Each structure stands twice: as C-alpha cells, then as structure tokens.
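Have a look at the structure first, then go through the points in order.

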Amino acid sequence: MKQIAIFGATGSIGSSTLDIISRHPDRFRASVLSANRQVDALVALCQRFQPDLAIIADPSLEAELASKLKAAGLRCEAAAGSEALDQAAAGPLCDTVVAAIVGAAGLGSTLAAARAGKRLLLANKESIVISGELLLQALAEGGGELLPVDSEHNAIFQCLPGGRPPLARSGVRRLILTASGGPFRGRKREELTTITPDQACKHPKWSMGRKISVDSATLMNKGLEVIEAHHLFGASADQIDVVVHPESLIHSMVDYVDGSVLAQLGNPDMRTAIGYALAWPERIDTAVPSLDLPAIGKLHFEQPDLETFRCLALAFQALRAGGDATTILNAANEVAVEAFLNGQLAFNAIPELVERVLAELPQQSVVDIPSLMDRDRTAREAAHRVLRSIC
C-alpha cells in the first residue's frame, strides 16, 4: 500500500490522481492532501479520502481549516504554510509525493521530497526549470526516484529503455516534444492584440488551471517543457525538437540513431501519465479509453511559429544561455501571466516583458537554493518594473 501525498489536491492533476487512487484502494492511499486557499474544497476531499494530514498553503486559513475538519468529525490534523508542506514531503506520512503546486511555490516541498528519498511524481515543471541541477543533486543524495507526470515527459520516459538512461549510451538522436498549438494555432501576431484571459484559457484539448492554460496559449508551457526535458533526460538544446500536433494523441517521441522513432499515443487524459507514474514499473487500469485509430483517420504535424509565439524561442534562448537564465525566464513569465489574467497586460506583451527582463539580468552561476531564490526575487522585481513601464 503506497502512501501518497498530493500537493495541489484541488487542481486538475490532484483531481486526476485522486480518481486513480479511488479506483485502486488496495494499492494506494491519499495520506496527505494540500490546497492553496480552497478550505471547503480541501475539507470535502478529506471527508472522502480520510487522509492523516491536510495542509492549507495560506497560514491565515489554518484555524478555519482545523475548525471545519473537526466539525466534519474527521480525525485529520490541520497544518498551514510552506514549512508544513516541506515537513510533510520529507516526513513519515508518505512514501510518494505528487508535486502539483503551480509555479515557484512548489519548489521547497519538491526539494524536500527529493532529499528524503521519496518517489517524486513531478507535475510542477517550474521546480525543475528554476533549479534543475540542484533538484537532480538532491535526488542523487536522497536516493529517491523522479517520475515525470507531464504527458510529454512521461511519454519520453515510456519510450526510453529503463526510464531515464544516458541518451548517448541508449542510441538516442533527439527527443521530440509535441504541442497542440494551443487555442490560437494558425493565427498571426497581429490577430492576437485583443485576446482576453477567458479566450486564452480555453484550451482545445486539455482541461487545466488558468496559469498553465495561458502558458499553453503563448507556447511558454512548451518552452518550459523543453527546459524540463534537458534536465530530466540530459539532452542538450540541440537534441530537443518541438512539433505542433493538433490532435494531441502522440504525446512525444524519441528518435534513435538507427532510424527508429518510438512514440507514445493515447487520448488526452492526464490519468494515463499519472497512473503510469504511480504504479511504475507496472501498468494499471486508469479508466482512460483506448484510441480508435480508424475513427481518427489522420494525424497532422507542423513546425511551431516562433515569430508569433516568441515565448518558445525565449525558452530555448534561456536554456542555451545557461546559469540561472531559466530561473529568470520563469519568474518573469509568472509575473507577466498574472498581470495578463488581472487585465493589466496585453496578451502580446507577455513575451515582450519576459525578453526585456532576460536582457536586463544576464545569467549568473548559482550554487545553492538561497542564492537561487534571491535571483528569483530579483527577476520578479525587474519584471514588475518592466510591467509598470509597459502599462
């Protein structure tokens, strides 16, 4: 029986994980659940799954959470704040951590789980974008396992021999990440000047939170996945390609030196990747239906439009720059997306803000988490300065 901590339990990844757990109560138990500020939603999940611990990220809501858990008659402890998340990730209540907190807020608990030797199901791509080398070092020191939950990286994981082997030794020529193209595929930059947050969040294939939906619309999400693939699989920027595949049925591919290309196909449902990571090296029923290939008929592929969707090009630029450039990229993008969702920034200005912050803060070498977080704060301050000048 695996004891699972789900950080971000009320989000789309958390919901999909809990769905799989509910289908396999003999194999998995949700022992720790967390949410950002959604007290009632978290209590409802606790009533259903009976965890040992519930954590609310906002410390001001801890008393409310504790009161509502008690009123519901639940024997579940309440905690709050980032320190509680870190302690739970490293503590004895779980052996597996699903890292699904969006943005840089998920970094601390992800690193804590890695250092503690837990099985880490990584759905928080920002953690590895911000601190890839430090996260991999923590995993090596802790002796734990990292299994990617992003559908693209999970697909690559499935197409490689034995999970995450050295690429050169495995005969890998390149990794091919597929992208749906988002809701604005085929449009030109001048057609995107009046895009609203609701339009950007209407993804054609996936149901996701608002931040990641905007990232998918700008193709920054794919850029972050390029950086993630670099760290997860030891691939250089030149070994990673992105192909737009609007059907979203091929989730990624691995191109080998003998001319073989292995692809992982499936319906666009995150339960496939989550179920694979939870049960690896076994496979379990996730209730995701099989593909009906004759009904699908055709699959289409395109090159990404890097002029219209500059964020993808900026991610490659930051990866090639090295050092903490990807940390700066991520921080600037989080500020830009939040401003767009709040109506402060135009959709087309998101890459402009990110590019200006990258130019203002040339990359530096970072050797530890405190200095990394200091650079993250510096990048956010620079992003807010740029935002004020644009607005």
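**Notes on cavities, a pocket and a helix**

1. The lining of the largest cavity is made up of 4 nonpolar, 8 polar and 1 charged residues. Here Ala, Val, Leu, Ile, Met, Phe, Trp, Tyr, Cys and Pro count as nonpolar, Asp, Glu, Lys and Arg as charged, and the others, Gly among them, as polar.

2. A word on the ground rules: this is a predicted model, where local features need pLDDT of at least 70, side-chain atom pairs count only at pLDDT 80 or more, and totals for chains, interfaces and linings use all residues. Residues are numbered from 1 along each chain as its sequence is written, and side-chain values use heavy atoms, with hydrogens and water left out.

3. How many cavities of 30 Å³ or more are there? The count comes to 2. A cavity is a set of points, on a 1 Å grid over the protein atoms alone, where a 1.4 Å probe fits but cannot get out; a pocket is an open set with protein on both sides within 12 Å along at least five of seven lines; and lining residues have an atom within 4 Å of a point. Grid points are joined across faces, edges and corners, and a volume is the space filled by probe spheres set on the points.

4. Back to the largest cavity, which holds about 80 Å³. It has 13 lining residues, and S151, H251, Q264, T272 and A273 are the closest to its centre. Two or more lining residues come from each of α7 (151-159) and α11 (271-279), with α7 giving the most, 4 residues. Helices are DSSP runs (H or I, at least four residues), numbered from the N terminus.

5. The second largest cavity is about 50 Å³. Its lining consists of T218, T308, F309, R310, C311, F347, N348 and P351, which split into 4 nonpolar, 3 polar and 1 charged.

6. P351 also turns up among the buried residues of α15, along with A349, I350, L353, V354, V357 and L358; buried means under 20% relative accessible area (1.4 Å probe, protein chains only). These buried residues pack against α9 (210-218), α10 (220-233), α13 (310-321), α14 (325-341) and α16 (369-390).

7. The second largest pocket has about 320 Å³ of space. Among its 21 lining residues, E133, H231, G322, G323 and D324 lie nearest the centre. Which element gives the largest share of this lining? That is α6, with 7 residues.

Technical notes. Buried < 20%, exposed > 50% of the residue type's maximum accessible area, 1.4 Å probe, protein only. Contact = heavy atoms within 4.5 Å.
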